[in-house]
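Take a look at the structure first, then read on.

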Amino acid sequence: MSEENKDIINEKEDTCECASEQCGSAECDEQQNSESCEKQDSAQPMQEEKKKKKHERESDKIKEETQKLKKEIEDSKERLLRIAAEYDNYRKRTDREKSSSVRLGTVGAVEKMLPVLDTLELAADAETADEQYKKGVEMTLTMFRDALSDLGVEEIEGIGAEFNPTYHCAVARVPSEEFDSGTVASVMRKGYRLGERVIRPSMVAVVE
């Protein structure tokens, strides 16, 4: 065999080897791609499961925070209602105390003025020849009574009323054909009250 033929044969063998190597490399790449796809396919469910668990944890956390906020809101409402109730009670109590203080002050002032009223009534009932004087006393007496009425002061029932130890002070017992037993027959000194509070009881004579 000539040298030229040998060189041709060697070139063909090298070409075949290169082709064989290229084929082997292609098969290897295909196998690697297949294995990579299989790994991806097997990893996808795991990733989905992780996402699902993460979502569940986040959802549970949101629910927990929501419940916590609801409880805080309910607690705040209860505190506000309790504060409102306490304030309302405080307001009512202070109003009662204020009203009681005003009434107490009125009672004390009126009690000191009643002797003046008694004197004016005696002067108005007294006989006098001076008509202007009598008219002046009567006008003063009317103004005094109107002032007491504006303050809520009322005269305690007298003659003909049933005796009431809360409002009447019995100083005598008298017979009477006009009134029943236990009835006020006459009044020695008028009594006054402010609402249910007695400023001064009436001094009366009671039928036997």
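Strands β3 and β6 (residues 202–207) run antiparallel to each other, joined by four bridges. One of the residue pairs is V184 with V206, the latter in β6. Keep in mind that this is a predicted model.

That pair belongs to an open sheet of three strands, ordered β2-β6-β3, and its pairing is mixed. β2 (168–174) and β3 (184–189) are the edges: each has a single partner strand, so one side of each is left without a neighbour in the sheet. From one strand to the next, the twist averages 30°.

There's another open sheet, also built from three strands, in the order β1-β4-β5 with antiparallel pairing. Its edge strands are β1 (153–155) and β5, each pairing on one side only. Here the twist averages 35° from one strand to the next.

| Strand pair | Sense | Bridges | A bridge pair |
|---|---|---|---|
| β3 and β6 | antiparallel | four | V184 and V206 |
| β4 and β5 | antiparallel | three | Y192 and R200 |

Now for R197, which lies in β5 (residues 197–200). How accessible is R197? Its relative accessibility is 44%, so R197 counts as partly exposed. Leaving out residues up to four places away in sequence, R197 touches L104 and V107. R103 is 94 residues from R197 in sequence, yet their C-alpha atoms are 8.9 Å apart in space.

Notes. Residues numbered from 1 in each chain as written. Predicted model: local features only at pLDDT ≥ 70, side-chain atom pairs only at ≥ 80, totals over all residues. Heavy atoms only, no water. Helix = DSSP H or I, 4+ residues; strand = E, 2+ residues; numbered from the N terminus. Buried < 20%, exposed > 50% of the residue type's maximum accessible area, 1.4 Å probe, protein only. Contact = heavy atoms within 4.5 Å. Pairing = 2+ DSSP bridges. Axes fitted to C-alpha atoms, helices over the stretch in contact; angles between N-to-C directions.
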